[in-house]
Amino acid sequence: MRRHNKPRPFLTGLLFLILCGLACGRLISDGSDITSDGVNSTKVPRFIRLYAAAETCEQTYGFMPCTSTALGNLFLILVYGYLMFLAATYLSSGSELLLEILGPGLIGGLFLPILGALPDALLILVSGLSGSTETAQSQVSVGMGLLAGSTVMLLTLIWGACVVFGKCDIENSVAVDSKDTKGFSLTGSGISTDIWTSYAGIVMALSVVPFVIVQFPRIFHSNSGKHLAVLIGLIVSISLLISYCLYQVFQPSVQRRRLAYAKHKHVISGILQHLKMHSLGKLCTEDGRPDEEILEKLFKSIDDNDDGILQRSEVKALILGIRFNDINLDEEDAVEKVMNDFNVTNDSAIDYTEFKSGVERWLEVARGGGSVNHSSSMKYIDNFHQLTRREYDLLGDLSDEVVEGVDNARSTTVKAVLLLLLGTAIAAVFADPLVDAVDNFSSATSIPTFFISFIALPFATNSSEAVSAIIFSSRKKFRSASLSFSELYGAVTMNNVLCLSVFLAIVYVRGLEWDFSSEVLVILIVCLVMGFFASIRTTFPLWTSILAFLLYPFSLALVYVLDYVFGWT
């Protein structure tokens with residue numbers, strides 16, 4: 001269960017009052033005389049006093065504090081950024097409470113991912129809706145900077161930090177839970193995740209397809225199809241968003257089915273290993289087929305009442321005697337599946353012929369369907385047993401986790417709804433002032449708005465996911481590492497589909513110019529590199545964190561070189 005800091009609405013209100021108190025301004029009339037408002041007599045420290053410059057400062061909503069100075073706008077960015085962080089925290093806390101009450105499925109698969117990306121989506125939305133088309137074209141780079149910065153930060157700095165804080169000793173290509181004795185060994189220390197985390201990484205890599213579509217006119221040096229490419233990219237992005245939400249809704253049921261099949265395979269391998277041990281390694285003849293004499297003796301050893309058939313109770317005794325303590329096994333379900341494998345006549349009993357045919361099929365499965373003669377050694381049964389256990393571990397069985405109940409569902413629901421409304425309201429109200437502050441700071445310092453939003457804003461809007469992922473990873477458990485990286489991949493996927501959908505809708509509706517080739521290239525490189533890692537491995541040694549960390553400054557440098565040296569923009 002994820003834990004977040006308790007929301008503090010009072011602190012939010014107090015911070016806003018302090019902000020208003022520090023923002024000392026002057027009202028400039030259309031006349032020529034300026035009447036003193038007492039700014040010079042205030043006791044606000046000079047290093048944090050915000051002055052309103054009549055020639056450039058325009059108050060958001062007509063009353064929000066504004067300034068044209070670099071220091072003043074930096075202060076506003078910090079304050080508004082913190083308010084956006086609080087909004088993200090409220091949304092996350094409310095989502096967690098709803099998940100406790102309603103469980104996964106529609107809530108966990110559809111509602112929560114959208115809420116997690118809501119602050120970013122609102123910032124992107126207001127960056128392209130402000131003022132005239134020229135103003136929107138100028139400010140929309142804030143949205144692109146946030147979109148690219150969030151993706152890059154999560155997959156580089158936070159991804160690398162999760163590996164460092166969650167590292168355990170790697171033995172037999174798997175990180176051992178809670179064992180960290182190798183220090184900062186680049187190859188002997190790292191983390192392991194389940195196979196579903198790999199799937200999440202692959203889905204994340206596929207989510208960059210709309211970026212490529214929008215870039216087609218640039219790739220082919222065509223100016224006529226830019227607007228159409230944006231529309232197609234928007235349609236594909238929305239389609240991917242819907243598909244991803246449906247995948248999140250139905251993925252738990254798919255996971256349960258695959259896990260049940262993996263358990264059954266492990267039971268098969270365990271029974272074969274048991275038969276091999278009791279036959280002293282002579283289960284098969286020279287041609288690789290089951291030895292009938294040995295099988296008959298094994299059959300009789302299982303048949304307790306010597307009636308010539310194996311009843312359900314005798315199969316259950318066999319499974320209980322093997323003791324599958326290494327997996328969370330439902331004995332009744334395991335017995336049912338074994339009976340179905342052997343009993344082809346459906347008479348609730350297994351005769352010797354069915355037993356022999358069933359063992360022969362199982363041995364074929366253990367060999368992998370090959371025709372290689374393993375009669376000289378039955379080692380492939382042990383290998384099959386290890387393989388099925390590894391497959392079970394990779395799927396990540398969460399069925400034995402304790403689910404805490406909710407004492408007062410009604411009050412918890414009300415609290416969750418209020419937190420969601422409060423978080424949405426704060427994000428909606430302060431997104432526009434934050435974008436204006438970034439734009440004004442850019443004008444005051446001549447730093448491009450893209451780099452300001454790329455570096456600063458993601459730490460505000462994605463801090464909840466980042467902190468949660470690092471905390472879970474630091475538990476040094478297989479499951480917590482899987483959860484951490486799944487959360488990171490999921491957040492990036494929502495950035496690439498939901499936030500990009502909002503961005504492309506603004507560009508298409510307002511007729512803005514799509515001029516973000518270098519930014520798109522950075523997103524593609526980072527997503528594809530980290531997605532490739534997720535697709536080919538489930539264990540990440542410590543050296544992979546170094547690569548992730550280096551991708552962050554590389555991304556900044558690449559955008560700067562392409563835009564300001566080669567003139568891509």
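A: Two strands pair if DSSP finds at least two bridges between them; helices (H or I, at least four residues) and strands (E, at least two) are DSSP runs, numbered from the N terminus. This is a predicted model, in which local features need pLDDT of at least 70, side-chain atom pairs count only at pLDDT 80 or more, and totals for chains, interfaces and linings use all residues. Residues are numbered from 1 along each chain as its sequence is written, and side-chain values use heavy atoms, without hydrogens and water.

Q: How many bridges join β1 to β2?

A: Strand β1 (residues 168-171) and β2 run antiparallel and are joined by 2 bridges. I170 has A175 in β2 as its bridge partner.

Q: What is the strand order of the open sheet?

A: Its 4 strands follow the order β2-β1-β3-β6, with antiparallel pairing. β2 (174-175) and β6 (539-541) are at the edges with a single partner strand each, so one side of each has no neighbour in the sheet.

Q: How is an aromatic pair read?

A: A pair of aromatic rings is described by the distance of the centres and the angle of the planes. Rings of Phe, Tyr and Trp (its six-membered ring) pair if their centres lie within 6.5 Å; planes under 30 degrees apart count as stacked, over 60 as edge-to-face and the rest as tilted. The whole structure has 22 aromatic pairs. One of them, W159 with F540, is edge-to-face, at 5.3 Å centre to centre and 85° between the planes. W159 belongs to helix α4 (residues 133-166) and F540 to strand β6, so the pair ties together parts 381 residues apart in sequence.
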